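Hi,

Here is the structure I said I would pass on.

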Amino acid sequence: MKKVDENEKLTGSTVAGYGVLTILSLIWLIPVAWLIMTSFRKEPGAWNPYIFPKGYTFDNYIKLFTDTSLFNYPRWFLNTFFVAVASCAISTILNLLTSYTLSRMRFKLRKQMMNIGLILGMFPGFMSMIAVYFILKAMGLSQSLLALVLVYSGGAALTYYIVKGFFDTIPRAIDEAAIIDGASQSTIFWKIIIPLSKPIIVYTVLAAFLAPWVDFIFVSVIMKDNYNNYTVALGLYQMLTRENIYNYFTQFCAGAVIIAIPITILFIIMQKYYVGGVTAGGVKG
Amino acid sequence: MNYIDYVSMPWHKKAVYKVKQFLKNLPHNCGNICKIAGKKISSGIFFAGKEIKTYFTVFIKGDIRTKLSYFIMGSGCILRGQIVKGFAFLALQSFYIVYMISFGWGWIKLLPTLGIAVKKEYWDEENQIFRYIQGDNSMLILLFSVLTIVITFAMLTVYIMNIKVSYHNQLDAAQGKKIPHIHTDIKTLFSKKLHFVFLSLPVLGIIMFTILPLIFMVLIAFTNYDKSHQPPGSLFTWVGFDNFRNILGGDKVLASSLSGIFGWTVIWAIFATFTNYILGILLALLINKKGIKLKKMWRTFFVVTIAIPQFVTLLLMAQLLANSGPINIILGYLGLPAVPFLTDVTMARIMVIVVNIWVGVPYTVLITTGILMNIPKDMYESARIDGAGPIKTFTKITLPYMLFVTTPYLITQFVGNMNNFNVIYLLTGGGPLSLDYYQAGKTDLLVTWLYKLTVNQQDYNLASTIGIIIFAIQAVLSLVIYNSTGSVRKEGKFQ
């Protein structure tokens with residue numbers, strides 16, 4: 001008798017649970033669905049006084065890649081891709097080198113270096129934005145893609161603590177055993193540490209790869225008015241200015257959907273590692 | 001008070017107790033921090049003093065070859081057969097000298113004044129046009145002086161290294177040991193001193209793109225580099241602590257902007273962090289609930305929203321909530337008055353927090369799901385047997401457990417929210433603008449204010465001052481929280 005009772009109670013609260021989940025999912029998904037729908041909308045304009053479009057078309061996507069007179073989306077896409085790949089490679093290398101050294105080697109000034117890194121991280125990043133621009137200008141690199149790569153990856157070593165926290169959880173006994181077996185530092189690094197920390201490495205690689213796709217602040221400061229070297233984020237941002245928004249709003253949505261696709265794919269890959277990565281670095285670090 | 005008393009207190013008393021404890025410990029903690037800082041500084045001075053002493057004693061004890069390397073770098077190495085190393089030192093020294101003569105000194109010499117020759121305009125009678133005489137550029141003077149100072153420090157390190165190597169060689173020779181050949185040196189570099197190799201590139205990157213700009217910007221806080229002192233047209237100069245004095249009370253508008261914006265920043269950070277945290281946990285719990293099927297699907301529904309770049313969703317939301325945006329149109333159809341979502345101060349402040357919930361909750365779901373599953377099931381079981389309802393189990397078991405595990409995450413979230421540029425800037429742009437504030441609106445955070453002052457106003461001096469203030473706040477906050485939670489991380493616990 002009692003069991004039946006409990007089951008009934010359970011279904012009652014479960015139904016309520018489903019109800020809440022459905023409402024919440026709708027709240028979270030409607031903007032996304034609306035974005036996709038608008039990217040296929042035939043008529044221009046930012047907002048129409050009705051919800052469902054009058055007609056559907058692929059033109060927004062096609063125009064994005066063919067009509068490059070005002071907004072050169074394909075060019076921006078390639079720019080972003082180049083910057084993302086390059087800065088991802090550089091920052092991953094810098095980050096892994098720093099993390100490994102700080103986690104595995106003991107040397108003079110090690111603690112001090114870690115503290116300095118922590119302190120530097122507390123200054124707001126925007127603060128030195130202008131100075132970075134002046135420095136790049138003095139190097140003759142301003143408004144170039146290389147400058148952007150350097151800006152995204154130059155300070156990558158400062159985020160060492162997440163990866164280092166992960167490396168710290170790999171027992172040193174393994175290293176010592178390997179050293180007794182005659183392994184060198186580089187063998188330990190490549191054959192032991194890297195395979196064991198795959199989750200966190202995938203996480204850092206993808207995080208570094210994603211940053212250029214969504215940042216528009218540093219790009220806007222560095223590129224100023226050099227439209228050819230814009231990245232997609234900044235380019236799309238331009239489409240929403242007062243004079244462009246009417247004609248380009250649907251294209252903006254299409255452009256946003258196109259960047260969202262690779263990010264979604266990468267995100268699905270990353271999701272597996274994300275949880276382990278963030279908590280491992282944060283809690284045990 | 002012992003542990004049992006504490007545990008048996010109702011939650012509000014617990015909170016009061018905790019706050020009391022925190023305040024009681026505050027002076028102690030601050031004192032500790034000062035003590036540690038003092039110790040660090042004094043040990044630094046001690047270290048420097050020792051280095052200077054060795055510098056002179058080595059000069060006295062050194063033979064002619066060592067002495068010579070005090071003036072010509074690398075000579076101690078070359079004269080003892082370490083040709084490659086010696087010439088490397090020598091090359092560095094010559095590079096430095098050439099650099100200083102041709103470039104560095106010219107800038108350093110202007111550093112105290114930051115330039116005196118203003119760009120001049122005069123009327124060229126003959127050609128009937130205005131002509132210009134190129135003046136000094138304070139910005140370049142400051143930038144290249146900082147660069148030269150950094151290079152000088154690097155050079156000083158190399159110089160000391162050169163003396164040490166040379167003295168070591170002398171001692172080795174005196175003991176009849178073989179002086180290391182370049183091959184041996186390279187070998188040690190790749191085994192015992194591998195950290196030099198590994199860290200050289202990362203450190204170079206940090207110096208170039210973090211430390212150098214940071215020194216430059218910190219120095220700018222002590223100048224009057226604002227929109228009316230823009231090189232090359234005009235010069236700026238040192239003003240000491242004037243900017244700090246102005247912003248902390250000297251200038252009424254600036255001071256009230258700072259206190260107002262700071263207050264809102266803290267309120268925002270508290271709300272943004274905890275609404276996301278608690279609602280995220282509740283949502284994750286709901287998805288994890290026993291009877292709910294298709295857990296993966298539900299989770300994906302929420303997590304998918306992360307994939308769309310934040311600037312897209314935020315710009316859409318901003319359009320959606322605009323005064324003539326779709327939501328107000330719909331309200332109009334329903335015969336309701338339009339709501340000034342982003343133009344009324346209170347409303348705008350509520351809206352940024354609400355939209356931030358939309359943006360942030362999926363992240364919390366993602367992060368907390370795994371941890372929630374790790375909470376021992378028997379704890380819930382016994383709570384249920386003791387007759388605890390769902391609210392009680394949440395406040396007594398889930399929340400304390402989560403807080404315990406995720407405190408570091410919460411701290412980083414809090415600091416991250418204080419600097420949450422995207423949500424504020426893209427949604428309201430800091431607006432509604434206020435005349436009480438200097439170039440800022442009522443939803444502006446310190447960072448967005450800093451950004452506006454830099455990019456729109458070009459008041460670099462104020463922006464830098466605010467940057468330093470943000471840094472100070474963050475540093476104190478992190479240190480105090482860090483010390484008082486007692487969760488000082490144990491490095492190597494797992495090694």
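**Two domains in chain A**

The domain assignment puts residues 2–58 of chain A in domain 1 and residues 60–284 in domain 2. Where the two touch, 11 residues of domain 1 of chain A are in contact with 12 residues of domain 2 of chain A. On the domain 1 side of that contact you'll find 6 nonpolar residues, 4 polar ones and 1 charged one.

**Where the chains meet**

On to the two chains: 71 residues of chain A are in contact with 74 residues of chain B. Several helices of chain A give two or more residues to its side of this contact, among them α1 (2–39), α3 (73–104), α10 (198–214) and α13 (245–284). The biggest giver is α13(A), with 14 residues. By type, the chain A side splits into 53 nonpolar, 15 polar and 3 charged residues.

**The cores**

The largest nonpolar core holds 148 residues, and A:L148, A:V151, A:V219, A:A256 and B:L450 have the most contacts inside it. Helix α10 of chain B (residues 252–288) supplies the largest share of this core, 12 residues. Take A:V151 as a way in: leaving aside neighbours within four places in sequence, A:V151 is in contact with A:V132, A:F218, A:I222 and B:F209. There is also a second, separate core of 5 residues, which includes B:M73, B:C77, B:I78 and B:V165.

**One lysine in chain B**

B:K187 lies in helix α7 (residues 182–190) of chain B. From B:K187 to B:V339 there are 152 residues in sequence and 72 Å in space, C-alpha to C-alpha.

For the complex, the predictor gives an ipTM of 0.80 and a pTM of 0.81. Chain B has a mean pLDDT of 83, with 96% of its residues at 70 or more. Residues 486–495 of chain B have a pLDDT below 50, and beyond near neighbours in sequence this stretch has 11 contacts in the model. Where pLDDT is low, the predicted coordinates should not be read in detail.

Cheers

Technical notes. Residues numbered from 1 in each chain as written. Chains lettered and ligands numbered in written order. Predicted model: local features only at pLDDT ≥ 70, side-chain atom pairs only at ≥ 80, totals over all residues. Contact = placed C-beta atoms within 7 Å. Helix = DSSP H or I, 4+ residues; strand = E, 2+ residues; numbered from the N terminus. Nonpolar A, V, L, I, M, F, W, Y, C, P; charged D, E, K, R; others polar. Domains from an automatic or database assignment. pLDDT = per-residue confidence, 0-100. Core = buried A, V, L, I, M, F, W, Y, C linked by C-beta atoms within 7 Å. Buried ≥ 20, exposed ≤ 12 C-beta atoms within 10 Å, placed from the backbone.
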